[in-house]
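Open the structure in your viewer and keep the selection tool at hand. The stops below follow one another.

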Amino acid sequence: MTDVAYIGGAGRSGSTVLALLLGQVSGFVPVGGVNNLWERGLKWNYLCGCGSHFRDCPFWQEIGQEAFGGWDAVDLGFITGLKAEVARYRHVPAILAPRLRPTLSDRFAEYSAYLAAVYRAIKVVANASVVVDNSHDVPPAVLLRRAPSIRGRVLHLVRDSRGVAYSLSKQVVRAEATTVPAYMPTYSPIQASGIWLLANAPYHAIRSDALPRLRIHYEALVTSPAREIARIVDFFGMTLSPSERSRLEASSIEISENHMISGNPHRLGRTSIELRLDDEWRRKMKPSDRLLVTLLTSPLSLPYGYVGRRLIKPAKSSQTSSA
């Protein structure tokens, strides 16, 4: 059985930071978004978090060998087509209840088997207990239920919708794409609000017994990392050691080499993190945009504690962290 910590929620909510912090805990291995592996690794040969291109990284080559007898054995056109067919939001009800779309049931199982093979190989190669996947999207999360060899749990990471919207409005270079200049997509306040709602709302509609999950607030994570990581470790039935807790309580947290194949570019070459709440949006976001996002996302922002009061006070440090 392979345990998977699936980080769900909207992009630009701090999932890369969360994954890197979990990577400092014995038994946890962060690998980026496994659902993006086929394109960003096999097709585009993006940089791994260690600084090597995917096809040159010994870690990922060993995983390909363990999972499939080598990455060349994977039919890239087939797997990307299969992913495009089944890993879609409109299929989430059918993934949870196969009787709704019996004609797709075998396809769901087929793609889940590919994911399960990669997860198992990562566990073996890294000698890990828990594989940390920050693919974000809901469909791959519920697909974990279709693989009998996978025990998936969701870390539902939420961040103030206005902070996410402001971050999504900025142009950010994809440093891992080295063959041609590439940028992360940008979105208007209305688009960002829709993305934020779509990324978070489904987790409220899925029963917790069908998809066990723990909600983590980005704001709490960056101001009290030891406490939040301890909650997560406990969620997986493990215990944070005194030395690990001490490292997470330091003003500068050392980060060991990672092999995350996708995520915020800040994962590349990172050796330490100095955490501080990234609330630049409070000073630089247009008041009209802030109001629009607040209104549009209020159905979830209110119960999350983001409307009407600050969820948590900003911490003082020298570097923002919202990867």
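Which residues does Trp60 touch, not counting residues up to four places away in sequence? Select Trp60 and look around its ring. Val31, Leu37, Cys48 and Phe54 are in contact with Trp60, and so are Trp71, Ile122, His259 and Ile261. Keep in mind that this is a predicted model.

**Stop 1: the largest nonpolar core**

The largest nonpolar core has 50 residues. Trp60 is among the members that touch the most other members, along with Trp38, Trp71, Tyr111, Tyr119 and Ile122. In soluble globular proteins, nonpolar side chains tend to be buried together.

Now color by element. Two or more residues of this core come from each of β1 (2–8), α2 (37–43), α3 (58–68), α4 (76–86), α5 (92–96), α6 (105–126), α7 (138–143) and β4 (150–158). Select α6 next: it gives ten residues, the largest share of this core.

**Stop 2: a second core**

Select Phe28, Ile216, Leu221 and Ala230. These four are included in a second, separate core of 33 residues.

**Stop 3**

From α1, the contact uses Leu18, Leu21 and Leu22. From α12, Pro225, Ile229 and Ile232 take part. By class, that is six nonpolar residues, with no polar and no charged ones.

**Stop 4: Asn200**

Move to helix α9 (residues 189–200), where Asn200 is found. Is Asn200 buried or exposed? Its relative accessibility is 1%, so Asn200 counts as buried; the cut-off for buried is under 20%.

Draw a distance from the side chain of Asn200 to the side chain of His156. The two make a polar contact at 2.8 Å. Then show the other neighbors. Leaving out residues up to four places away in sequence, Asn200 touches Gly9, Ala10, His156, Leu157, Val158, Leu300 and Tyr304.

**Stop 5: Pro299**

Finish in helix α15 (residues 287–304), which holds Pro299. At 58% relative accessibility, Pro299 counts as exposed, because exposed means over 50%. Pro299 and Ala201 are 98 residues apart in sequence, and their C-alpha atoms are 9.3 Å apart in space.

Methods
Residues are numbered from 1 along each chain as its sequence is written. This is a predicted model: local features need pLDDT of at least 70, side-chain atom pairs count only at pLDDT 80 or more; totals for chains, interfaces and linings use all residues. Side-chain values use heavy atoms; hydrogens and water are left out. Contact means heavy atoms within 4.5 Å. Helices (H or I, at least four residues) and strands (E, at least two) are DSSP runs, numbered from the N terminus. Ala, Val, Leu, Ile, Met, Phe, Trp, Tyr, Cys and Pro count as nonpolar, Asp, Glu, Lys and Arg as charged, and the others, Gly among them, as polar. A nonpolar core is a set of buried Ala, Val, Leu, Ile, Met, Phe, Trp, Tyr and Cys residues joined through side-chain atoms within 4.5 Å. Buried means under 20% relative accessible area, exposed over 50%, partly exposed in between (1.4 Å probe, protein chains only). A polar contact is a pair of N or O atoms within 3.5 Å; within protein, one must be able to donate a hydrogen and the other to accept it, and residues adjacent in sequence count only if both atoms are side-chain atoms.
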